[in-house]
Amino acid sequence: MKVGVDTGSQTVGIAATTEGEAIYQAEVHLRNDISSKLTQRRQYRCTRRSRKTRYRAARFANRRHKPGWLPPSLRSKAEATIKAVRFVASLLPVCQINVEIGSFDTQKIQDPEISGLQYQQGELQGYLVREYLLTKWQRQCAYCQKSGLPLQIEHLVPKSRGGSDRVSNLVIACEACNARKGKRTAAEFGYPHLQAQARPPLKDAAHVSTIKTAVVSSLQAEFGADHIRVTYGYETKYQRIQVLNLPKSHTNDAIAIACAIGEVVKPSGIVYQARCIARGNYQLYNGKHSEHRVWAPRKVKGWKLFELVEAKGQIGYIGGRRLMGAFVIKEVATGKKLLEVTPRKLRRLARTQQSWVIVKQPSGTKEERASSSV
Ligand SMILES: [Zn+2]
């Protein structure tokens, strides 16, 4: 069985495939509150120490980080990713884990401007060239510098005027600029510097982010280096669009990452939504000078925070409790407020385990689900 991991900073996609079928798909929603919680803790300690201690020697300059140290916010994300893989491995026998680490392989494209890498050399190559160009032009239109809109591959010297498909003749442009340029060359269009190749070819631009490096190395340590394979975004994109014909989502990307290029896999209809949550609230005192003992007990009317519950036909987790009045129920997939309901109306589905809540959902977007159920 093969596992695909689509790492991300907010959401991680995980899929397990075997013999042409996806048997497990999950989205893991990572924590975003680490940084603010640590700031809060630091402030509490700071004020407490200044209050309790007459003099403290300066100690800010005698700290060292061990090699491989990650900032706590990133460490939480990396560890949650590994935990999600470990969870799959505890359920199913895993023989290979694929992790996407960058949009393209810099080793594979050595001097693309000179080596004559071409756009039309097969479909997979096209995706590679596209990711390379997007990085080279910083995902902006080369002419109007706009970003965040659909970008196309554009020939500096048009093919109709004898321009080649080589990378050095290609830029990224928006549809409007592409249409406006028409059959002119870039120099005739008013951008001679683009044709003179003013921009140097990028060197190692598709660098691997620290969190991905950390995930790959910990997975290698845990599962053995020969069971981990790294893949690239252009392969995922090609596989998802051309071979599997699936819409973009974290779990669909994970399926594309899990399978080999050209392998056809049928997605399962179910996606597990998992949300990472805090183990507990360790705050003891409230108030400006920590003068009030925190009153919130472990259980309010018999309910703990983050329990998975059903209320009024909707499934969510307890995001907020009040001694008087309604509880706040939040959706697992988005973390947004679903409804407020009195605790009498709640039905317990599960308590939190391993500091996450997991819920089963049919796959597809909310709109797709709504239209298919009608
Ligand atoms: Zn443009």
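**Reading a zinc site, a helix pair and a loop**

Q: Which residue follows α9, and is its phi positive or negative?
A: Asn-245 comes after α9, and its phi is positive, near 55°. Helices (DSSP runs of H or I, at least four residues) and strands (E, at least two) are numbered from the N terminus. This is a predicted model, with pLDDT of at least 70 needed for local features and 80 or more for side-chain atom pairs, while totals for chains, interfaces and linings use all residues. Residues are numbered from 1 along each chain as its sequence is written, and side-chain values use heavy atoms, leaving out hydrogens and water.

Q: Which residues of α9 are buried?
A: Buried means under 20% relative accessible area, exposed over 50%, and partly exposed in between, with a 1.4 Å probe and protein chains only. In α9 (residues 233-244), the buried ones are Gly-233, Tyr-234, Glu-235, Thr-236, Tyr-238, Gln-239, Arg-240 and Leu-244. Across the 374 residues of the chain, 40% count as buried.

Q: What coordinates the zinc ion?
A: Look for donors: N, O and S atoms within 2.8 Å of the metal (3.2 Å for Na, K and Ca); water is not among the atoms, so sites may look incomplete. Here the SG atoms of Cys-141, Cys-144, Cys-174 and Cys-177 coordinate the zinc ion at 2.2 to 2.3 Å. The spacing of these donor residues in sequence is C-x2-C-x29-C-x2-C. Cys-141, in the loop between α4 (123-136) and β5 (151-155), and Cys-174, in strand β6 (residues 170-174), are 33 residues apart, so this pair links distant parts of the chain. Both count as buried: Cys-141 has 1% relative accessibility, and Cys-174 has 2%.

Q: How do I read the packing of α2 and α8?
A: Two packed helices are described by the angle between their axes and the distance between the axes. Axes are lines fitted to C-alpha atoms, for helices over the stretch in contact, with angles running from 0 to 180 degrees between N-to-C directions. Helix α2 (residues 72-91) packs against helix α8 (residues 210-223) at about 35°, their axes 9 Å apart. Contact means heavy atoms within 4.5 Å. Among the α2 residues that meet α8 are Leu-74, Ala-78, Ile-82 and Val-85, and on the α8 side Ile-211, Ala-214, Val-215 and Leu-219 are included.

Q: Where does Val-294 lie, and what is it in contact with?
A: Val-294 lies in the loop between β10 (292-293) and β11 (308-311). Leaving aside neighbours within four places in sequence, Val-294 is in contact with Gln-283, Leu-284, Tyr-285 and Asn-286. Gln-283 is 11 residues from Val-294 in sequence and 7.1 Å away in space, C-alpha to C-alpha.
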